Amino acid sequence: MDINRGLIAIGAGIAVTTGFMTGLGEALTAAHACDAIGKNPEAEGKIRSTMILGIALAETCAIYGLLTAILLMFVY
Amino acid sequence: MSGVTVQKEVWIIILETILIAIAVIRLSHRIDRIDPLQRPKGILLPVVLGVRKIYGDVKYYVGEGNARKLGPYILTISVYIFFSNIISLFGLSSPTANYSVTLTLAILTWILIQVTEFKYNGVGGWFHAFIEPFPVLLPMNLIEKFTLILSMSVRLFGNLTCGSIMMELIYTFCQTMSNKIAGLLGASGPVFNFLAPVLTPLLHAYFDCFAAFVQTLVFVTLTMALIGNDVPEEIKKV
């Protein structure tokens, strides 16, 4: 019984690592948005809303990982 | 009512709603009395500026005519989500860390998006969007339509839950270390958690205030942008 709990914990830990590349991707998005605002300050509103949409889409991946981890921890 | 469990967030939501309603009614009485030709003073200045800022944002995304209908909803959910997020500073558990609350908010946003699509594309256009660009993609389009609810609700829920779990872990860590240090100095048994007031204020500022503000901004901006996706460009420009 005990080894099952341990394996579930390892699985949840692996599921959460989806956040690793997502963090990198979101940071790249924000960095390029900063570049774009520096080059073209009057388009700030449009760049910000596009950046938030892009970050939200990229974050979905990490959210599914988190959801998998929560399901593993509390359902099994 | 046997067999029905009332979650404790329900009482916190009722308390929060009463507090926000009292504050808004008092502010609206004061706003009715001020002279429109003079600068608003005191607490009224940030309120007027905030309402104007959010109304301007809504107008930018959905156009002037729609902003009159959508503006009050956006302002309501932004105030509600922000106060739900920072209420954990006062020792209550925040309602947005309960999945039912965020699921309801996401479903409301989803319904508004569908209403906008019906309004501008018609019923035929709404059904035709399922077989675009090819009829083979019908299952993908069906899944895509409903994952929006999942991703929007879990984004808010996950961030708030992670924040509260982290704070709980840090408080437990501080308690353990306090006991150990007191043990080294000769005290026995559990002692007052004297490390927590030193370590946690900065983390509260990040996990409660900053994350609360950012998540409110993200949720509200996503709601406006996704609703505005289906509004034609010529209506937005007016």
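How do H3(A) and H6(B) lie to each other, roughly parallel or roughly perpendicular? First, the ground rules: I'm on a predicted model, where local features need pLDDT of at least 70, side-chain atom pairs count only at pLDDT 80 or more, and totals for chains, interfaces and linings use all residues. Residues are numbered from 1 along each chain as its sequence is written, with chains lettered from A and ligands numbered from 1 in the order in which they are written.

I looked up helix H3 (residues 44–75) of chain A against helix H6 (residues 196–228) of chain B and got an angle of about 105°, axes 10 Å apart. So H3(A) and H6(B) are roughly perpendicular (65 to 115 degrees; under 35 is roughly parallel, over 145 roughly antiparallel, the rest oblique). Axes here are lines fitted to C-alpha atoms, for helices over the stretch in contact, and angles run from 0 to 180 degrees between N-to-C directions. Helices are DSSP runs (H or I, at least four residues), numbered from the N terminus.

H3(A) brings Ser49(A), Ile52(A), Leu53(A) and Ala56(A), while H6(B) brings Val218(B), Thr221(B), Leu222(B) and Ala225(B); contact means C-beta atoms, placed from the backbone, within 7 Å. I count six nonpolar, two polar and no charged residues there (Ala, Val, Leu, Ile, Met, Phe, Trp, Tyr, Cys and Pro are nonpolar; Asp, Glu, Lys and Arg charged; the others, Gly among them, polar).

Next, the whole chain pair: nine residues of chain B touch 10 residues of chain A. On the chain B side, helix H5 (138–184) and H6 each give two or more.

Within chain A, helix H2 (residues 18–39) packs on H3(A) at about 175°, axes 9 Å apart, so I put H2(A) down as roughly antiparallel to H3(A).

Terms used. Contact = placed C-beta atoms within 7 Å.
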